[in-house]
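Reader: I've got a new model open and I'd like to learn how to read it. Can we walk through it together?

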Amino acid sequence: MNPTIEKLAGLAEVTVAMRRVKALTEKARPRYHIETFGCQMNVHDSEKLAGMLEQMGYTGAKRAGEADLILMNTCCVREHAESRAFGHLGAFADNKRENPSLVVAVCGCMMQQKDVALRVKQRFPFVDIIFGTHNLHRFPLMLLRVLENRVRVFEVHGEAGGVVEGLPVRRRKGAKAFVTIMQGCTNFCTYCIVPHVRGPERSRDIDNILSEARGLAESGVKEITLLGQNVNAYGKDLMHGPGFAELLWGVAEIDGIERIRFMTCHPKDVSDALIEAMAGCEKVCRHIHLPVQSGSTAILRAMNRKYTKEDYLALAGRMKDAVPGLEITTDIIVGFPGETREDFDETLDLVRRAGFSAAFTFMYSPRKGTPAAKLADRVEKAVKKERLLELNALVAGMTARENEAYVGRTERVLVEGVRESDGERLCYGRTHASKTVCFTGGAAPGDIALVTVTHTRELSLHGKQAEV
Ligand code: 5AD
Ligand code: SF4
């Protein structure tokens, strides 16, 4: 069958299933609770699953104990995320004992690995539904089977299909929203499980992205974050499609959208056109998350990152020159197999020279099925820990110094929320570049407030709303 027709036929089936679940749940008004692990892509997938559940008559529950359906969306990027997921899952056994009609579902990247999914199936007999990342849109069909026949459903597809359009999305109300622009990753960094569980890069059609963004603007959204594992490769898999920079300019034309963010980027795919869009388009935020992973060219080669230490430093410098006020954040892995003290010193040196505003740091975690997991010459855990602490101390000092430079400046902050603390009304939000600021003032969520930064506290900025 033609893939488009196949997709449409599949979606029709899903729509019918949603209607049938809704008819079944009409009187009971069941509640759902979703636990999400991992990155923004997973957070957004959970928004889609919540959208489907609400269309099927479910309403949200804050705690697992109050829910008739618990869904866990898992991550497998590092071992730590996996063990946390296993821990949480174990706890749901009690919920099921108290409420035998409870439906427990597990999905996400961890389940996309067939052996792990099988382990969950065997070890946790109370889990009713297991599905991977490639068939998330089929969740209503699986739920219907459980509700009608009380069977266990196990659906992990080996092949990633095209991008499925038209699913309902339940977003948190507010000024910000995520929009997925592409799925998967084809870079195959040797440590990374993502290409194995999320499939190859598949870009969404630009018209679908723009119409989703227009709809969000109409509903009051002011800031859009374009999501993908490798957003700056957007369009490379389309025959004559536009590239990422054109997409940015396209979103910027939408009235009501005031800020555009995006993540994550790969340094090898940063084009001149992207730098021009960041420098020339007022709405594109002056922040780029640009994972470097290591400062050692030898380790970068072993990681299959396709750039050297010097390439990265030159790129960071070029971007900072072209985009005044640009903030660069990064990801760094310590203890990749074969990383010597000298290699690690190169990482420290790069961090000192690149001018990062912040860095997320990780100890290398071997992932089964990736090339790096087969490498000998593993770095001992104690050494990895030591290096992580040393790196974190350097990064914290740098971030604190960066933040200090903001004191006295007045920034435009998009207000994300308001809370009371010690009888004081505190607003919080982010600057154009992406610093989080907590401030006193009368602004409401969705406003862009002028805020004077008065002081920093550990790693955060604090201030007060300036008179307008
Ligand atoms: N071990 C440690 N960190 C990893 N990351 C990805 N895979 C691994 C791994 N096996 C980190 C990278 C990536 C971030 C999302 O997670 O730094 O950029
Ligand atoms: Fe993983 Fe590399 Fe793809 Fe990022 S670019 S998702 S680190 S393979």
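Author: Helices here are DSSP runs of H or I with at least four residues, numbered from the N terminus. With that in hand, M52 belongs to helix α2, which covers residues 40-55. Keep in mind that this is a predicted model.

Reader: Is M52 buried or exposed?

Author: The cut-off for buried is under 20% relative accessible area. M52 has 0% relative accessibility, so it counts as buried.

Reader: And which residues does M52 touch, beyond those up to four places away in sequence?

Author: M18, L136, H137, P140, L167 and P168. As for distance across the fold, M52 and V453 are 401 residues apart along the chain, with 42 Å between their C-alpha atoms.

Reader: Let's zoom out. How many helices and strands does the protein have?

Author: The count is 13 helices and 19 strands. The radius of gyration is 23 Å, close to the 23 Å from the globule rule for 468 residues, so the protein is as compact as a globular protein of that length. Along the principal axes, the C-alpha atoms fill a box of roughly 60 × 60 × 55 Å.

Reader: What share of the residues counts as buried?

Author: That's 54% of the 468 residues. Accessible surface comes to about 21,200 Å², and carbon and sulfur atoms hold 52% of it. Looking at contacts with a separation of 6 or more, 73% are between residues 24 or more positions apart.

Reader: Now helix packing. How do I read that?

Author: Two packed helices are described by the angle between their axes and by the distance between those axes. Take helix α12 (residues 341-354) and helix α13 (residues 381-404): their axes come within 10 Å and cross at roughly 10°. Angles under 35 degrees count as roughly parallel, so α12 is roughly parallel to α13.

Reader: Which residues make that contact?

Author: From α12 you have R341, F344, T347, L348, V351 and R352, and from α13 R387, E390, L391, L394, V395 and M398. By class, this contact of α12 with α13 has seven nonpolar residues, one polar and four charged.

Reader: What about α11 and α12: at what angle do their axes cross?

Author: Roughly 10°, with the axes of α12 and helix α11 (residues 309-322) coming within 10 Å. That makes α11 roughly parallel to α12. On the α11 side sit K309, Y312, L313, A316 and K320, which meet E346, D349, L350, R353 and A354 of α12. The contact of α11 with α12 has five nonpolar residues, five charged and no polar ones.

Definitions and conventions. Residues are numbered from 1 along each chain as its sequence is written. Chains are lettered from A and ligands numbered from 1 in the order in which they are written. This is a predicted model: local features need pLDDT of at least 70, side-chain atom pairs count only at pLDDT 80 or more; totals for chains, interfaces and linings use all residues. Side-chain values use heavy atoms; hydrogens and water are left out. Axes are lines fitted to C-alpha atoms, for helices over the stretch in contact, and angles run from 0 to 180 degrees between N-to-C directions. Helices (H or I, at least four residues) and strands (E, at least two) are DSSP runs, numbered from the N terminus. Angles under 35 degrees count as roughly parallel, over 145 as roughly antiparallel, 65 to 115 as roughly perpendicular and the rest as oblique. Contact means heavy atoms within 4.5 Å. Ala, Val, Leu, Ile, Met, Phe, Trp, Tyr, Cys and Pro count as nonpolar, Asp, Glu, Lys and Arg as charged, and the others, Gly among them, as polar. The radius of gyration is taken over C-alpha atoms; the globule rule is 2.2 Å times the number of residues to the power 0.38. Buried means under 20% relative accessible area, exposed over 50%, partly exposed in between (1.4 Å probe, protein chains only). Accessible areas come from the Shrake-Rupley method with a 1.4 Å probe; for residues, only the protein chains shown count as cover.
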